[in-house]
Amino acid sequence: MRLHEGVVALVTGAASGIGRASAGQFAREGARAVVVVDIDETGGREVAAEIARSGCEALFLRVDVSDAAAVAALVEHVADRFGRLDCAHNNAGISEPPVPFHELGEASWQRMLALNLSSVFWCMQAEIRQMLRQPLVRGRRGVIVNTSSGAGIVPALGQAHYTAAKHGVLGLTKCAAAEYVSAGIRTNAICPGLTDTRMVREFLAASPPGVAEAVRRTVPGG
């Protein structure tokens, strides 16, 4: 039996990078349906089409996950269409070029927290509400995985807002894990290091001279 045989999975930020890989892996591991969520309609539809060609049902939904009402409607739509939500990977997020702590502007701070922290909170709330309504299957009601970052553990210099948001994702994850494990909902987080994704390439390209090489030197494998 494959790892995700028969499950209904939802992945945010699934049009590229880690989210795209996650959505594809759900399909390869036997998911019944994969819901691809992103604001990038072109990339999202492309990912959904790839999954559908593999024989797994795929649905693309364009949703701004920093909008609490939109997220609630998203999860309700998934439940109405597929009957339940078994797995959720809350992965959507952004990065910005590094800026000194004392020069970080309010707009950047608010945008980063909205898209990298509040979005995870809204998704988790809606997913947990749905999972609590579901009967147990093989001893559980659902699984949630959040994408934090290495910056959720150690500081990313010049990225105070990103670091704060990713630390916050771990805090949310720990709270939900402790509160809902007895209800059959498992919650966890991953903390990727530097990963060759479109977001990381754009971050390095927009950074001041020398930053890309300095960042690469922090990767043991080069």
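Student: At what angle do the axes of helix α3 and helix α4 cross?

Tutor: Helices here are DSSP runs of H or I with at least four residues, strands are runs of E with at least two, and both are numbered from the N terminus. Axes are lines fitted to C-alpha atoms, for helices over the stretch in contact, and angles run from 0 to 180 degrees between N-to-C directions. In this predicted model, α3 (residues 68-82) and α4 (residues 106-132) cross at roughly 30°, and their axes come within 9 Å. Residues are numbered from 1 along each chain as its sequence is written. Local features need pLDDT of at least 70, side-chain atom pairs count only at pLDDT 80 or more, totals for chains, interfaces and linings use all residues, and side-chain values use heavy atoms, with hydrogens and water left out.

Student: Which hand does the crossing of α3 and α4 have, and which residues make the contact?

Tutor: A crossing is left-handed if the near helix is turned anticlockwise from the far one by less than a right angle, and right-handed if clockwise. The crossing of α3 and α4 is right-handed. Contact means heavy atoms within 4.5 Å. From α3 come Ala68, Val71, Ala72, Val75 and Ala79, and from α4 come Trp122, Cys123, Ala126, Glu127 and Gln130.

Student: How do these residues divide by class?

Tutor: Ala, Val, Leu, Ile, Met, Phe, Trp, Tyr, Cys and Pro count as nonpolar, Asp, Glu, Lys and Arg as charged, and the others, Gly among them, as polar. The contact of α3 with α4 has 8 nonpolar, 1 polar and 1 charged residues.

Student: How is the packing of α4 and α5 described?

Tutor: Helix α5 (residues 160-180) packs on α4 at an angle of about 15°, with the axes 8 Å apart. The two are therefore roughly parallel, a term for angles under 35 degrees. Their crossing is right-handed. Among the residues that meet are Trp109, Leu113 and Phe121 in α4 and Ala160, His161 and Leu172 in α5. By class, this contact has 17 nonpolar, 5 polar and 1 charged residues.

Student: Where does leucine 104 lie, and which residues does it contact?

Tutor: Leucine 104 lies in the loop between β4 and α4. Neighbours within four places in sequence aside, leucine 104 is in contact with Val99, Trp109, Ala160 and His161.

Student: How do α1 and α2 cross?

Tutor: The axes of α1 and α2 (residues 41-53) come within 10 Å and cross at roughly 20°, so α1 is roughly parallel to α2. This crossing is right-handed. Arg20, Ala23, Gly24 and Ala27 in α1 meet Glu46, Val47, Glu50 and Ile51 in α2, a contact of 4 nonpolar, 1 polar and 3 charged residues.

How values were computed: Parallel < 35°, antiparallel > 145°, perpendicular 65-115°, else oblique.
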